[in-house]
Every structure is written in structure tokens, then in C-alpha cells.
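My entries follow in the order I made them.

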Amino acid sequence: MSRFERLQRRVHKREHLLEGRYEQALERKALLKARWHEAWTPGRIVIAGLVSGFLMGRAEPVKIAAKSSNLMQIITMLSGLFAGSSAQNAADQAGRAAGEAGHAADNAEAVAEASGAVAPGLTTVAPPRTTAHSARNDRTESIEP
């Protein structure tokens, strides 16, 4: 037997051993997973929750957060203030846009009647809407199946 054949045989044995160990590891993993799930009974889950809650309650970051409650109140107040002012600005812009659209519709109607393109009393422009809410309702009601 040559040296090369001996090396081939050793490599084959090692590969076979590695495959066996891999299978054993997979079996042990499955067994561990099954035992782990069996061990977690409802009582143990409750006890673990109580212990972890107690430990988190005693943790130092919670004490620091409790001491800085004034800072949190200020941050909350400022964020509400900025959100409120942003919403007010958006509402004002929507109101101005609705007013401008109404004026444009009135002007278009006047120009159409003046040019004689439309018979008096008939309009091709939709009447102006007063609020965004009524505009949404009008749009959804006018659609017929």
C-alpha cells in the first residue's frame, strides 16, 4: 500500500467521522429544543416574569428616568406645541386655497357669461365648496355605481 492510498483512507475515515458527529449534533439540538419547551410550564413563565420585572424595577436607569420626569414633561409639551402649530398652519393654507379656488371659479363663470360661451344662468364650473370635509363628502356622493 502506498503512502497516497493511506492518506486517502485517513481522509475518508475523517470525513465519515465528521458526518457522524454532524448528525449527532443535529439530534442533540432537536432534543434540547424539545426539552426546553417542555420545561417552560405556565408557572415557571409567571415566576420568570415576576423576577425579571423586579430586577428591571430595581435597575439604575429606571431611577434616573424617574428623577428626570420634569425633563420628559418639557419634551412632551414642546413636541405637542410644534405639532399643534404645524396642524394650524396646514389648516390655514387649506382655507386660503379653498378661498382662492372659489374666487377663480367665480371669475371663470363671469368670463364665460360675458363672452357668451355659456347661456345665462348655466355654468360649467362646479360651485365653490366651503370646507375640505364637505368637498370630500360631495366627491364621494356624486359617484354613482
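I looked up valine 51 and found it in helix H2, residues 42-58. I take helices (H or I, at least four residues) and strands (E, at least two) as DSSP runs numbered from the N terminus. Valine 51 counts as partly exposed because its relative accessibility is 46%. My classes are buried under 20% relative accessible area, exposed over 50% and partly exposed in between, with a 1.4 Å probe and protein chains only.

I note that the model is predicted: local features need pLDDT of at least 70, side-chain atom pairs count only at pLDDT 80 or more, and totals for chains, interfaces and linings use all residues. Residues are numbered from 1 along each chain as its sequence is written, and side-chain values use heavy atoms, with hydrogens and water left out.

Which residues form the nonpolar patch with Val51? I list Ile47, Phe54 and Leu55, and the four together have about 420 Å² of accessible area. Patches take residues with over 30% relative accessible area and no salt bridge; nonpolar side chains (Val, Leu, Ile, Met, Phe, Trp, Tyr) are joined within 5 Å and like charges within 9 Å. A salt bridge is a side-chain nitrogen of Lys or Arg within 4 Å of a carboxyl oxygen of Asp or Glu. Areas are by Shrake-Rupley with a 1.4 Å probe, and for residues only the protein chains shown count as cover.

I turned to H1, which has 37 residues. H1 reaches 53 Å from first C-alpha to last, close to the expected 54 Å, where the expected span is 1.5 Å times one less than the number of residues. The number of buried residues in H1 is 0, so the helix lies largely in the open.

I then checked charge, with Lys and Arg positive, Asp and Glu negative, and His and chain ends not counted. Each charge is placed at NZ of Lys, CZ of Arg, CG of Asp or CD of Glu. Arg3, Arg6, Arg9, Arg10, Lys13 and Arg14 make a positive surface patch. Arginine 14 lies in H1 and is exposed at 55%. Glu15, Glu19, Glu23 and Glu27 make a negative patch. Glutamate 19 sits in H1, residues 3-39, and is exposed at 53%.

Finally, I recorded 5 helices and 0 strands. Of the protein's 145 residues, 3% count as buried.
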